[in-house]
Amino acid sequence: MSQEEIKNESKKPTNFIREIIDEDLKSGKHKTVHTRFPPEPNGYLHIGHAKSICLNFGLAIDYNGKCNLRFDDTNPTKEEQEYVDSIKEDVRWLGFNWEDREYYASDYFEQLYEYALKLIKKGKAYIDSLTAEQIRETRGTPTEAGKESPFRDRSVEENLDLFERMKNGEFKEGELVLRAKIDMASPNLNMRDPVMYRILHKAHHRTGNKWCIYPMYDWAHGQSDSIERITHSLCTLEFENHRPLYDWFVQELEIYPPRQIEFARLNLSYTIMSKRKLLSLVEGKYVDGWDDPRMPTISGLRRRGFTPESIRNFSERVGMAKRENTIDVSLLEFSVREDLNLKAKRVMAVLNPLKIVITNYPDDQTEDLEAVNNPEDASMGTRLVPFSKELFIDKDDFKEVPPPKFHRLSPGKEVRLRYAYIIRCDEVVKNEKSGEVIELHCTYFPDTKSGTGTSSKKAKGTIHWVSAKHAFDAEVRLYDRLFSVADPEGEEGKDFTEFLNPNSLEIQRHCKLEPSLKTAKPIEKFQFERTGYFCVDTKYSKESSPVFNRIVTLRDSWSKIEQASK
RNA sequence: UGUCCCGUGGUGUAACUGGUUAACACGUCUGACUCUGGAUCAGAAGAGUCUAGGUUCGAGUCCUAGCGGGACAGCCA
C-alpha cells in the first residue's frame, strides 16, 4: 500500500497535536512538518509503539511532510542489531516508508561531543568526580533542594582537559561524568545538574570501540531532533518533566529548536505493555517468544493474523490526548473483523468433529457444490466444495436436549447444511460405555439443494460441515486473552503473572478442514464460516500441512443468549 | 508534602475556541433481513462534563479554592 493510500484510508479526527501543527503552519512558524519515530533498539515493538508510529508517520503523510526513523542508540549495554532489524521490519510492515532517512543517535556522537565542548566553554557544564551514589545522595528529593557538587566550579581549562582524557579512555567507568551546570535547587529534578555523559567501556553495535563516553538520553535526544530539523518532537507523557531540560540545552547551544509535545501512551485491557514485563513472559517461557500470537507485540499481532490496515485504523480510533487511558481490547478486535470481513475468503472448517451419516444418500456419490468465497465481494468468486454421504459437523451444532432458542441440530429436528441440503436428525449413536454421542444418522431432502429453489422448505438454522472423505486433518490454535483480568498490573502486591489466563491457548489437533485449505500458505487469512478469522501460522505450518491461528472469533450472539439463560 | 500534567456516558475521543436539547466510535440492548446466530439496516438505553464558589445574557470551555489520578529523586530511554 502506498503512503498516498494510507492518507486516504480513514478520516482523521482532529486532536491537540494537529491543532498545534495547524497553528504553526498558519502563523508561518513552519512551512512543513517533520517528525520522527525514535525507538531504542533494546527490544521488540508493541501495539503502543504502533500508536506512536502511526502518529508520527501519519502526520507526515497527511501534511505532506517527512518522518525519520531514528534509533536512539545511546546505551550500548542494552542495544543490539537484532532489535534494529526487527524494528525496521515492523515499521515497514505497518506500511510506512522512511525512504533514505534512517538515522541513529550514534551518527551524532561527534557532533554531540562538539556541543558538549561548547557548553563547557560557556561554563555551563562541568566534570564531576562524585560517585554515582554521591550524586544520588546530593540530588535532594522532590521536596528538598539538592546540594552542589564540590567539583562544580572546576575551571573551564580543567574541565576541557578532563573531558578529553575521559573521551580518550583514561578513566574507569563511573569515575567521572559530565554534568550540565543548571540549578541544584530546581523544583524539577531533571534540572539539578543532569548527567550528560557517562563512561562505558563497551562496544557499541554501530560505533564499535570508537567511543567510551556515551551521551545520556536528555543530552542526545533534543540535539538529534535539532540536527534533523524535526519540527514537532512527539513523545509520551513521562517526558513532560524533561521538556524544560530539552529546551535548556537547545537554547544554550543556540541551535534549531524543535518543539517537544507529549501525549498519553496506549494501554490495552487484558494485556500488559511494559517491555520489561513482556521480556519476563518470554524468558519465563510463559509464551512462545516475542512473536507469540498472544503477545501485544507487533510481531505477535502479525503472526496472529492482524493486518497492518486494522492496526492503523485502530491507532486512529484510539484518539490522541494527554489523559491516561485504557483502551478496551474489543476495539482492537473490532478493527480486524472490520478489515477481514471485506477481505477474507470464507471456507468451512470443523473444529470439533462429530460424524454424521446421510442414510438416504448414495454410498459412492460425490457432488461438487458451489460456495461463495465472500458475500461482501462478488469479485472473489466461488469455489466447489465436495459433498458426500459421510460428513463432519461441529459438536457445538448438535444438542441431544436442545436449550431454548437453539436453532441447530437435535433429534428429530432439521437444519440446513450450508451451500447444500436440509437434513433431519433421525438417530443418535452413542458409545455404549461412556454415553458419548459418536455419530448421527440423518436423512437429507434432495429438493432442498441450495440455489435451486425447488423446495419451499425452510430451516431455522444453517450449519457448516465438511465431507469426511475429502476433508483433511489440521491443527488449529485457539487464542484467547493473555490475562483473565482487565488490568493485570493493577493489583497491589500481586505479580501480574498470577493473572495469566490458563486458557489463552487451546490447541485442537484433529480439526477437519475443507480440501481447498490444504495448500494455504503462511500469513494467508480466512474466515472459517460461523467460527472466526484464522491465519496460517508462520512458525508451525509445513508444506501441505498448515497450522491455523485463530485471530478473533466472529461476533457471537448465540453465546450471549446462552450465557444469559444460565 | 515540591514542580509539572490530567479529570466529559462502561471504554476512548470530540464539541466551530464562551453560544441551542454535549457529538462520534467501540461496547451494551431491541427489532428487521439473511442459506454464516456473521455482515448489513433501523432504533434504544446510557454523561449534564470531579466538587464548590465566581465572572458572564450565556461556562465542558475563563478565574479561585478544594478533591482525585499520574509523572519525576538511573551514570536507563
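Helices (H or I, at least four residues) and strands (E, at least two) are DSSP runs, numbered from the N terminus. By that count, R302 lies in helix 11, residues 298-304. This is a predicted model, where local features need pLDDT of at least 70, side-chain atom pairs count only at pLDDT 80 or more, and totals for chains, interfaces and linings use all residues. Residues are numbered from 1 along each chain as its sequence is written, chains are lettered from A and ligands numbered from 1 in the order in which they are written, and side-chain values use heavy atoms, with hydrogens and water left out.

R302 counts as buried because its relative accessibility is 13%, buried being under 20% relative accessible area (1.4 Å probe, protein chains only). Setting aside neighbours within four places in sequence, R302 is in contact (heavy atoms within 4.5 Å) with E89, D90, W93 and I523. With D90 there is also a side-chain polar contact of 3.0 Å; that term covers N or O atoms within 3.5 Å, and within protein one must be able to donate a hydrogen and the other to accept it, while residues adjacent in sequence count only if both atoms are side-chain atoms.

Now for the RNA. Polar side-chain atoms of R416 sit on the base side, with one lying 3.1 Å from a base nitrogen of RNA strand B.

How values were computed
Buried means under 20% relative accessible area, exposed over 50%, partly exposed in between (1.4 Å probe, protein chains only).
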